[in-house]
Amino acid sequence: TILDMIALEQKLLPELQPYTQERAHALIKLIQSKGSTIARSHCNIEPVSGLKNLEALTQVLDQHQQDLTCEIVAFPQHGLLLSKAEPLMREAMQAGAHYVGGLDPTNVDGAMEKSLDTMFQIALDYNKGVDIHLHETSPAGRAAIDYMIDTVDKNRTLRGKVTISHAFALATLTPEQAQETAQRLAEQHITIATTVPIGTLHMPLKTLNENGVFVMSGTDSVVDHWSPFGLGDMLEKANLYAQLYTRPDELSLSRSLAIATGNKLPLDDKGKQVWPLVGDDASFVLVDASCSAEAVARISPRQASFHKGSLASGAIKKQIS
């Protein structure tokens, strides 16, 4: 269970602490090699580590200002209420974290409303965003989503600043319920972050997209003690999305790329070029593929990644005429 994993982590974290920066550098190198130069890092904030992870991550990111843009989520991995992490979370906001994190308010914290109210209050007090990991698939998961939608509706300054990661409860809804919830999420500009899960959970990602909800992909774990499957590859997520939610034709495959690129695509639905345009950031990935559809279908090799004009990973061969 998640509580078992928290107990395990409380033993592991002191042993891992000396290698935090080394692991962070390696992770950045990995995701850049896969084409990602924009990231959101969920940084453990709990009594075992204090602010050590945040301090180490900040130092690492200072060395990658030219080739990576990274937002930091202060993440109460051991439960916001369960680990009495609120004072540390507030310190993290003052230390520069961009988002207030949260974790299963019922299954972990045992008090949905109090947990969510505490999380949102920290965000409001420091004018920060929110990014909560919600794994709950019981009715409590849906109740938490509804409660968060209502909270944002009452606090309009939170609009466009709230992300629900995983949101597995959405997979338990009927098509009609999913449609209604998607419309409510879109109205409050709440983002869904997904790993594009496979297996028994079939997320209504297409319904979310069709109703204007911003859906972005991510990797929950990259070869760590939580899961051995994370590759840190967003093109792989686009491939999974295409297999699960679309038809295997060129147009559908090319549209599936959007989940890996923050909804930026080279061509619009009618084939007109909409990216890159003069004035756009010179952030792009060179891929060994003939078109977007092939890149998605084949998870084509990345040759080089550029971030705002700087080479972040890989290499290009210069032709001499």
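Which element gives the most to the lining of the second largest pocket? It is α10, with four residues.

## Basis of the model

The structure is a predicted model, in which local features need pLDDT of at least 70 and side-chain atom pairs count only at pLDDT 80 or more, while totals for chains, interfaces and linings use all residues. Residues are numbered from 1 along each chain as its sequence is written, and side-chain values use heavy atoms, with hydrogens and water left out.

Helices (H or I, at least four residues) and strands (E, at least two) are DSSP runs numbered from the N terminus.

## The second largest pocket

The volume of the second largest pocket is about 350 Å³. A pocket is an open set of points on a 1 Å grid where a 1.4 Å probe fits, with protein on both sides within 12 Å along at least five of seven lines; lining residues have an atom within 4 Å of a point. The volume is the space filled by probe spheres set on the points. The lining comprises 19 residues, and the closest to the pocket centre are N209, Y241, T246, R255 and S256. Two or more residues each come from α8 (205–210), α9 (234–245) and α10 (250–256).

T246 belongs to the loop between α9 and α10. With a relative accessible area of 22%, T246 is partly exposed (buried means under 20%, exposed over 50%, partly exposed in between, with a 1.4 Å probe and protein chains only). Although T246 and K206 are 40 residues apart along the chain, their C-alpha atoms are separated by 8.6 Å.

## The seven-stranded sheet

An open sheet with parallel pairing is formed by seven strands in the order β1-β2-β3-β4-β5-β6-β7; two strands pair if DSSP finds at least two bridges between them. At the edges stand β1 (38–44) and β7 (215–217), each with a single partner strand, so one side of each has no neighbour in the sheet. From one strand to the next the twist averages 25°, where axes are lines fitted to C-alpha atoms and angles run from 0 to 180 degrees between N-to-C directions.

β1 runs parallel to β2 (residues 69–75) and is joined to it by seven bridges; H42 has V73 in β2 as its bridge partner. Further along, β4 (residues 129–134) and β5 are parallel and joined by five bridges, and L134 is partnered by H166 in β5. Five of the five residues of β5 (residues 162–166) are buried, so this strand is largely enclosed by the rest of the structure.

## The three-stranded sheet

A further open sheet has three strands in the order β8-β9-β10, with antiparallel pairing. Its edge strands, β8 and β10 (310–314), each pair on one side only. Neighbouring strands are turned by 20° against each other on average, direction ignored. Four bridges link β9 and β10 in the antiparallel sense, and the partner of H307 in β10 is S310.

## Aromatic contacts

Two aromatic pairs are found in the whole structure; rings of Phe, Tyr and Trp (its six-membered ring) pair if their centres lie within 6.5 Å, and planes under 30 degrees apart count as stacked, over 60 as edge-to-face and the rest as tilted. F284 and F306 form a stacked pair, 4.7 Å centre to centre with 15° between the planes. F284 lies in β8 (residues 284–287) and F306 in β9 (residues 302–307), so the pair ties together parts that are 22 residues apart in sequence. F284 is partly exposed at 29% relative accessible area, whereas F306 is buried at 12%.

R40 lies over the face of Y99, 4.0 Å from the ring centre; such a contact requires NZ of Lys or CZ of Arg within 6 Å of the ring centre and within 35 degrees of the ring normal.
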